[in-house]
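Me: I'm new to this one and would like to go through it with you. Here it is.
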Amino acid sequence: MEQYISDQIDTLENGAIFFVDDFLDFGNSESVKKALLRLEEKQKIKRLSHGIYYKPKVSKIIGELIPSIEDIANAIARRDHARIIPTGAFAENILGLTTQVPMKFTFLTDGAARMIKVGNRTINFKSTVPKNLATKGKISTLVIQALKQIKKDHVDEIILNKISEQLKNEDQNNILHDAKLAPAWIREILLKSLHNE
């Protein structure tokens, strides 16, 4: 079985994230875990968290490239057939509204609520209503979530200017669609960005 799993991993791209569940065609959960443990000991694969592994990817310049939290969260969402969107301080960080990298990364999801430890960081999947996941634009979605985190009274000109710059890279139709799903004060900011182009 270990050889079958190893051959299957050979077909994956370097940096690919995979799970125990991906190999259940070869045997039961326990025997797959043991096979993966042996492959980990041989350094063919690395473990990110309980039941989550990746195929090492090395850059000649900076050495080993560990999958990002976003890549790991997206891989979990694909496995669970769930939708996710970054929220809170993580959304702020992606947009460049803060340089502070959170230790806890929160995603809204229509999948199962759970927390996963990856090294010294935590991925938190938080259940939400379908409306919060109905947005279309990647940037406008992040703007809505970041502004909810910042709160109306703490939004200043610097933040508004940064958001306006980011929204220039978003499709106008996405902004119009997503504005309808946002709280009134955030809707105003989104729509105003269309007139600033």
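Me: Is phenylalanine 18 buried or exposed?
Reply: Phenylalanine 18 is buried, at a relative accessible area of 2%. Buried means under 20% relative accessible area, exposed over 50%, and partly exposed in between, with a 1.4 Å probe and protein chains only. This is a predicted model, where local features need pLDDT of at least 70, side-chain atom pairs count only at pLDDT 80 or more, and totals for chains, interfaces and linings use all residues. Residues are numbered from 1 along each chain as its sequence is written, and side-chain values use heavy atoms, with hydrogens and water left out.

Me: And tyrosine 53, buried or exposed?
Reply: Tyrosine 53 is buried too, with 6% relative accessibility.

Me: What do phenylalanine 18 and tyrosine 53 form?
Reply: They form a stacked aromatic pair, 6.2 Å centre to centre with 15° between the planes. Rings of Phe, Tyr and Trp (its six-membered ring) pair if their centres lie within 6.5 Å; planes under 30 degrees apart are stacked, over 60 edge-to-face, the rest tilted.

Me: Which residues are in the aromatic cluster?
Reply: Tyr4, Phe18, Phe23, Phe26 and Tyr53 make up one aromatic cluster.

Me: How many aromatic pairs are there in the whole structure?
Reply: Seven.

Me: Why is the pair of phenylalanine 90 and phenylalanine 107 edge-to-face?
Reply: Because their planes are at 70°, with the ring centres 5.5 Å apart.

Me: New topic: what is in contact with leucine 190?
Reply: Beyond neighbours within four places in sequence, the contacts of leucine 190 include Val143, Ile144, Leu167 and Ile175. Contact means heavy atoms within 4.5 Å.
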